[in-house]
Every structure is written in C-alpha cells, then in structure tokens.
Amino acid sequence: MIFPMGSNLIRDIVKEAGRRQGISLSKLANILNVNHVYLFSVLSSKKISRPLIRRIAETLHLPDLPQVYEEYLKTKRVENKGVKSTRKGSKNKSHKGGVKP
C-alpha cells in the first residue's frame, strides 16, 4: 500500500470509523482512558503505540488497523531514513570532550 507524504491515514481511518459509530476522537480518548493529546499524537504518528492502536481497533471494530499501522510506520521510517538527528547528545559528534579541534 502506498501512502501519500504528509498523509494522516491512521487518524482518518479512526476518525471515520468513530464518526459512523457516533464517537469523536475526544470521546474515544475517554473510552480508552488515555489523554486526548496522547491519542492525537499516536494517530498522527508523532508517537508510536502499538498497544493503543490494538485497543482502538478492538473498540471501533477495525481488525485490519494494526496491520495498516505497521505498514504506515514502515513508510514513515523510509521517509526519515538518512535524516541526521539534531538532538543534543547525538552519536554523530564530530569532536570529543566538548572542545573543538
């Protein structure tokens, strides 16, 4: 399956399934007993949580959601491959000891 760049496929699938069942994303967060911000982060792939995706799949009766999520994560990894980390403490240091050569 090919996912367009910038796609929020997982969020869109969950949102549509919830809409058909009369469950908003905020209400889904309450049902699952998770913070709505965390739910939104997982659905937009800013955070990864396979257990939460499985719980969403069970709640909204979406048996294929975990597999779609895995495929979606693979495409995200490919998009991010080769992007250097800008986080402090990254292993890609050009010098050691904090002193520039």
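Helix H2 (residues 25-32) packs against helix H4 at an angle of about 105°, and their axes lie 11 Å apart. Here helices (H or I, at least four residues) and strands (E, at least two) are DSSP runs, numbered from the N terminus, while axes are lines fitted to C-alpha atoms, for helices over the stretch in contact, with angles running from 0 to 180 degrees between N-to-C directions. H2 is therefore roughly perpendicular to H4, on a scale where angles under 35 degrees count as roughly parallel, over 145 as roughly antiparallel, 65 to 115 as roughly perpendicular and the rest as oblique. From H2, Leu28, Ile31 and Leu32 meet Leu52, Arg55, Ile56, Thr59 and Leu60 of H4, contact meaning heavy atoms within 4.5 Å. These residues divide into 6 nonpolar, 1 polar and 1 charged; Ala, Val, Leu, Ile, Met, Phe, Trp, Tyr, Cys and Pro count as nonpolar, Asp, Glu, Lys and Arg as charged, and the others, Gly among them, as polar.

The model is predicted, with local features needing pLDDT of at least 70 and side-chain atom pairs counting only at pLDDT 80 or more, whereas totals for chains, interfaces and linings use all residues. Residues are numbered from 1 along each chain as its sequence is written, and side-chain values use heavy atoms, with hydrogens and water left out.

The protein chain as a whole has 5 helices and 0 strands, giving the pattern α-α-α-α-α along the sequence. Of its 101 residues, 31% are buried, where buried means under 20% relative accessible area, exposed over 50% and partly exposed in between (1.4 Å probe, protein chains only). Among contacts between residues at least 6 apart in sequence, 47% join residues at least 24 apart.

H4 also has a partner in H3. Helix H3 (residues 36-43) and helix H4 (residues 50-60) pack at about 95°, with axes 11 Å apart, and the two are therefore roughly perpendicular to each other. On the H3 side, Tyr38, Leu39, Val42 and Leu43 meet Leu52, Ile53 and Ile56 of H4. This contact is made of 7 nonpolar residues, with no polar and no charged ones.

Within H4, the buried residues are Leu52, Ile53, Ile56, Ala57 and Leu60. Seen down the axis of H4, they fall within an arc of 140°, so they line one face of the helix; the arc is that of the directions from the helix axis to the C-beta atoms. An α-helix has 3.6 residues a turn, so residues three or four places apart point the same way.

The loop between H3 and H4 holds Ser49 and Ser44. Ser49 caps the N-terminal end of H4, with a side-chain oxygen 3.2 Å from the backbone nitrogen of Leu52. Ser49 counts as buried because its relative accessibility is 10%. Leaving out residues up to four places away in sequence, Ser49 touches Tyr38, Val42 and Tyr69.

Ser44, for its part, has a side-chain polar atom 2.9 Å from the backbone oxygen of Phe40, and its side chain also reaches the backbone oxygen of Ser41 at 3.3 Å. Such a polar contact is a pair of N or O atoms within 3.5 Å; within protein, one must be able to donate a hydrogen and the other to accept it, and residues adjacent in sequence count only if both atoms are side-chain atoms. Ser44 and Leu9 are 35 residues apart in sequence and 8.2 Å apart in space, C-alpha to C-alpha. Just after H4, His61 takes a positive phi of about 55°.
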